[in-house]
Amino acid sequence: MGKRKSVWHKNIEKVKELMGKYSKKESEASVYINCSFNNTIITITNKLGDTLFWASGGTAGLKGSRRSTAHAAKKAAKKIGTSAYKTGLVRVDLFLKGIGKGRYGVAKVLRQTGLKIQKITDITPIPFNGCRPPKKRRI
């Protein structure tokens, strides 16, 4: 029996060619920053909402309670900002959510990486009436 010729490498070359043809460089994007008490998650999406990049305190190399610090948020922002700037991203809209540490530090670091921030919007959910409060303590 003769050897079978492998064609997988030809298929990969076709896929790479198609990806290069249809992948579009983004110049504008939206940055969503979710600051909770335990972690900060930063997501960069295009105008349609498809995720381009994301980073968090954990992906920045910190574990445990150190993820909730402002330093972790800045480290994640620097990581994601430099990778986005290298791909050609220029202008971003910033959407802040939550009341964690490092909310505004992230915006400063993103600006330092070369991204131009067009607008900053706070999308933190605020209850109008909210849950029913607990009963008063009787002592």
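## Side-chain pairs and a crossover in a predicted model

Under the ring-pairing rule (rings of Phe, Tyr and Trp, the last by its six-membered ring, pair if their centres lie within 6.5 Å), the count comes to one aromatic pair. The rings of Tyr32 and Phe95 have centres 4.9 Å apart and planes at 15 degrees, so this pair is stacked; planes under 30 degrees apart count as stacked, over 60 as edge-to-face and the rest as tilted. The pair links distant parts of the chain, with Tyr32 in strand 1 (residues 28-35) and Phe95 in strand 4 (residues 91-97), 63 residues apart. Helices (H or I, at least four residues) and strands (E, at least two) are DSSP runs, numbered from the N terminus.

The model is predicted: local features need pLDDT of at least 70, side-chain atom pairs count only at pLDDT 80 or more, and totals for chains, interfaces and linings use all residues. Residues are numbered from 1 along each chain as its sequence is written, and side-chain values use heavy atoms, with hydrogens and water left out.

Tyr32 is partly exposed at 35%, whereas Phe95 is buried at 15%.

### Salt bridges

Side chains of opposite charge can pair when their charged atoms come close. The structure holds three salt bridges, each defined as a side-chain nitrogen of Lys or Arg within 4 Å of a carboxyl oxygen of Asp or Glu.

| Salt bridge | Closest N to O |
|---|---|
| Glu28 and Arg91 | 3.3 Å |
| Asp93 and Lys47 | 2.9 Å |

Glu28 forms its salt bridge with Arg91. Glu28 lies in strand 1 and Arg91 in strand 4, so the pair ties together parts that are 63 residues apart in sequence. Glu28 is partly exposed at 29% relative accessibility, and Arg91 is partly exposed at 30%.

Asp93 is bridged to Lys47. Asp93 belongs to strand 4, while Lys47 lies in the loop between strand 2 (40-45) and strand 3 (51-56), so parts 46 residues apart in sequence are tied together. Asp93 is buried at 10% relative accessibility, whereas Lys47 is partly exposed at 46%.

Arg103 is in helix 3 (residues 103-112) and Asp122 in strand 5 (residues 116-122), 19 residues apart. Asp122 is partly exposed, with a relative accessible area of 48%.

### Surroundings of Arg103

Arg103 counts as buried at 11% relative accessibility. Its side chain makes a polar contact of 3.4 Å with the side chain of Tyr104, and a polar contact of 3.4 Å joins the side chains of Arg103 and Asp122. A polar contact is a pair of N or O atoms within 3.5 Å; within protein, one must be able to donate a hydrogen and the other to accept it, and residues adjacent in sequence count only if both atoms are side-chain atoms. Leaving aside neighbours within four places in sequence, Arg103 is in contact (heavy atoms within 4.5 Å) with Cys35, Leu96, Lys97, Gly98, Asp122 and Thr124.

### Strands 4 and 5

Strand 4 and strand 5 pair in the parallel sense over six bridges; pairing requires at least two bridges found by DSSP between two strands. Leu96 stands opposite Asp122 in strand 5. The chain crosses from strand 4 through helix 3 to strand 5 in a right-handed β-α-β crossover: with the strands pointing away from the viewer, the path from the first strand over the helix to the second runs clockwise.

Key
Buried means under 20% relative accessible area, exposed over 50%, partly exposed in between (1.4 Å probe, protein chains only).
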